[in-house]
Amino acid sequence: MPIRRMPRRLLRAHPKRGALLLTDGVFSMDGDLAPLPALAALARAEGALLLVDDAHGLGVLGPEGRGSVAAHGLGPAEVPLLMGGFGKAFGAAGAFLAGPAALLGGLVEEARGLVYSTAPPPALAAALRVALGRLRAAEERRERLRALVTRFRAGAAALGLPLLPSTTPIQPLAVGEEGRALRIAEALAERGFLVPAIRPPTVPPGTARLRISLSALHREAEIDALLEALAAALAADPA
């Protein structure tokens, strides 16, 4: 995927100052993947640090669920700063930033949001160690999740549902008008499906969508029932 000119232009605007290039690994609204190899090459060429927020990739993508960075075959040399949350695949709370010790030490001393925050309790750290071990060993669940994503997208294509491109468990369905998105979300809720309507200012005007999130714990029958409910709700409220 090509890199737009803006990041390169911005990085070159102040060549003598340090620069941080920050991106999601998996974008939370559309479920699409950042072009991490190209961004890593850009950061290296322009002398910038690359930071990837992989909240939606950790536990799901890559070998042992190590996330989108590992899924692209990259590591600390290409992505020196990795950020993630513990409230999704880990099933706990909090977040982390991993990187070079010298840089992290500076953040501990200087980052105002961290200096006056409360440290996580030891019980949380112990729970996260257990969760990490289970995530690394959960390849069967990741395979099942990929199969459910494939099933959902195939069913949506057969029904003509306007899904946006995504290979991740975040499956956005384009609706367009904000009011329509809200009405369809309410209709789905009445049938027992929690599918939030994403609307401006979270997304640009005219691009409201339904954000469908799949889990390895979903059953095939639930996927099929959701597809049926989506088709019926869209047909009852045409654009």
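## Close-up views of a predicted protein model

View A. Let's start with Arg191, which counts as partly exposed because its relative accessibility is 45%. Here, "buried" is under 20% relative accessible area, "exposed" is over 50%, and "partly exposed" is in between, using a 1.4 Å probe and protein chains only. The side chain of Arg191 meets that of Glu228 in a salt bridge, at 3.9 Å from N to O. The two partners come from distant parts of the chain, 37 residues apart: Glu228 is in helix 9 (residues 220-236), while Arg191 is in the loop between helix 8 (178-190) and strand 6 (197-198).

The model is predicted, so local features need a pLDDT of at least 70 and side-chain atom pairs count only at pLDDT 80 or more, while totals for chains, interfaces and linings use all residues. Residues are numbered from 1 along each chain as its sequence is written, and side-chain values use heavy atoms, leaving out hydrogens and water.

**View B. The whole protein, before we zoom in again.** The protein has nine helices and seven strands. These are DSSP runs numbered from the N terminus: helices are H or I with at least four residues, strands are E with at least two. Picture the C-alpha atoms in a box of roughly 55 × 45 × 35 Å, taken along the principal axes. Of the 239 residues in the protein, 36% are buried. Take the contacts (heavy atoms within 4.5 Å) with a separation of 6 or more: 62% of them are between residues 24 or more positions apart.

**View D. Glu64, a residue with a positive phi.** Glu64 is in the loop between strand 2 and helix 3. Its phi is positive, about 60°, although Glu64 is not a glycine. Is Glu64 buried or partly exposed? Glu64 is partly exposed, with a relative accessible area of 33%. Glu64 also forms a salt bridge with Arg66, the closest N and O atoms being 3.9 Å apart. Arg66 is partly exposed too, at 47% relative accessibility.

**View E. Asp54 and Ser68, a buried pair.** Asp54 is in the loop between strand 2 (49-53) and helix 3 (68-71). Asp54 is buried but has no salt bridge, and the nearest side chain of opposite charge, Arg66, is 10 Å away. For charges, Lys and Arg count as positive and Asp and Glu as negative, with His and the chain ends not counted. Which side chain does the Asp54 side chain make a polar contact with? The partner is Ser68, at 2.7 Å. A polar contact is a pair of N or O atoms within 3.5 Å; within protein, one must be able to donate a hydrogen and the other to accept it, and residues adjacent in sequence count only if both atoms are side-chain atoms. Ser68 is found in helix 3 and is buried, with a relative accessible area of 0%. Not counting residues up to four places away in sequence, Ser68 touches Gly25, Leu36, Val52, Asp54, Gly57 and Leu61. With that same exclusion of residues up to four places away, the residues that Asp54 touches include Gly25, Val26, Leu82 and Met83.

**View F. Val79 and its neighbours.** Val79 is found in the loop between helix 3 and strand 3 (81-85). Val79 is buried, with a relative accessible area of 5%. Leaving out residues up to four places away in sequence, Val79 touches Leu50, Val52, Val69 and Leu74. Now look across to Ala225: from C-alpha to C-alpha, Val79 and Ala225 are 41 Å apart in space, and they are 146 residues apart in sequence.

**View G. A cis peptide bond at Pro201.** The bond joining Pro200 and Pro201 is a cis peptide bond, with omega about 10°. Pro201 sits in the loop between strand 6 and strand 7 (208-213).

Methods: A salt bridge is a side-chain nitrogen of Lys or Arg within 4 Å of a carboxyl oxygen of Asp or Glu.
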